[in-house]
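Please examine the model shown below together with its sequence. The explanation after it treats helix packing and then salt bridges.

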Amino acid sequence: MATTDDIRRWAMALPEAEETSHGRFHTPVFKVRGRTFLGLGKDETTAVFCVSEQQANQAAAADPGSCQAVRRKDARRSFLGLQVDLASVPPERIQWLAGQAWRQQAPKSLVTEHDLSRG
């Protein structure tokens, strides 16, 4: 199972990632240039990855016991991301999702720069 420390290490290894605290829930939130790409749930047994709605829907359909596409509960019902039960998903997948969420939220120029630096 991926731990909070694992997730923090993976998220903070991404370019320009910063850790903040969710204002209401006081849980770790990871951002790139002010845009959230990953947040831990209140009890830190779940995480929400800000991937595309299509990716989230596909993951939730493939593994409904561990993954769920989540939306705000307010009147806007705007899409938030993919909520994952950390105990049910292999750590490698969690790390991959962190990278995908970063890629979704980071400016495209930063993603390109990161890709070029990796060879």
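Predicted model: local features only at pLDDT ≥ 70, side-chain atom pairs only at ≥ 80, totals over all residues.

Residues are numbered from 1 along each chain as its sequence is written, and side-chain values use heavy atoms, with hydrogens and water left out.

Helices (H or I, at least four residues) and strands (E, at least two) are DSSP runs, numbered from the N terminus. Helix 4 spans residues 108-117, and within it Leu 110, Val 111 and His 114 are buried; buried denotes under 20% relative accessible area, exposed over 50%, and partly exposed in between (1.4 Å probe, protein chains only). Viewed down the axis of helix 4, the buried residues fall within an arc of 100°, so they line one face of the helix; the arc is that of the directions from the helix axis to the C-beta atoms. Lys 108, Ser 109, Glu 113 and Leu 116 are exposed on the other side of helix 4. The cover over the buried residues includes strand 2 (28-32) and helix 3 (91-105). After helix 4 comes Gly 119, with a positive phi near 90°.

Helix 3 and helix 4 pack at an angle of about 130°, their axes being 7 Å apart. Axes are lines fitted to C-alpha atoms, for helices over the stretch in contact, and angles run from 0 to 180 degrees between N-to-C directions. The two helices are therefore oblique to each other, since angles under 35 degrees count as roughly parallel, over 145 as roughly antiparallel, 65 to 115 as roughly perpendicular and the rest as oblique. Contact (heavy atoms within 4.5 Å) involves Trp 102, Arg 103 and Gln 104 of helix 3 and Lys 108, Leu 110, Val 111, His 114 and Asp 115 of helix 4.

A salt bridge is a side-chain nitrogen of Lys or Arg within 4 Å of a carboxyl oxygen of Asp or Glu, and the count comes to 6. One of them joins Asp 6 and Arg 9 at 3.3 Å, N to O; these residues are 3 apart in helix 1 (residues 4-12), hence separated by about one helical turn. Another joins Arg 8 and Glu 19, with the closest N and O atoms 2.7 Å apart. Arg 8 lies in helix 1 and Glu 19 in strand 1 (residues 17-21), so the pair ties together parts that are 11 residues apart in sequence. Asp 5, Arg 8 and Glu 19 are linked in a network of salt bridges.
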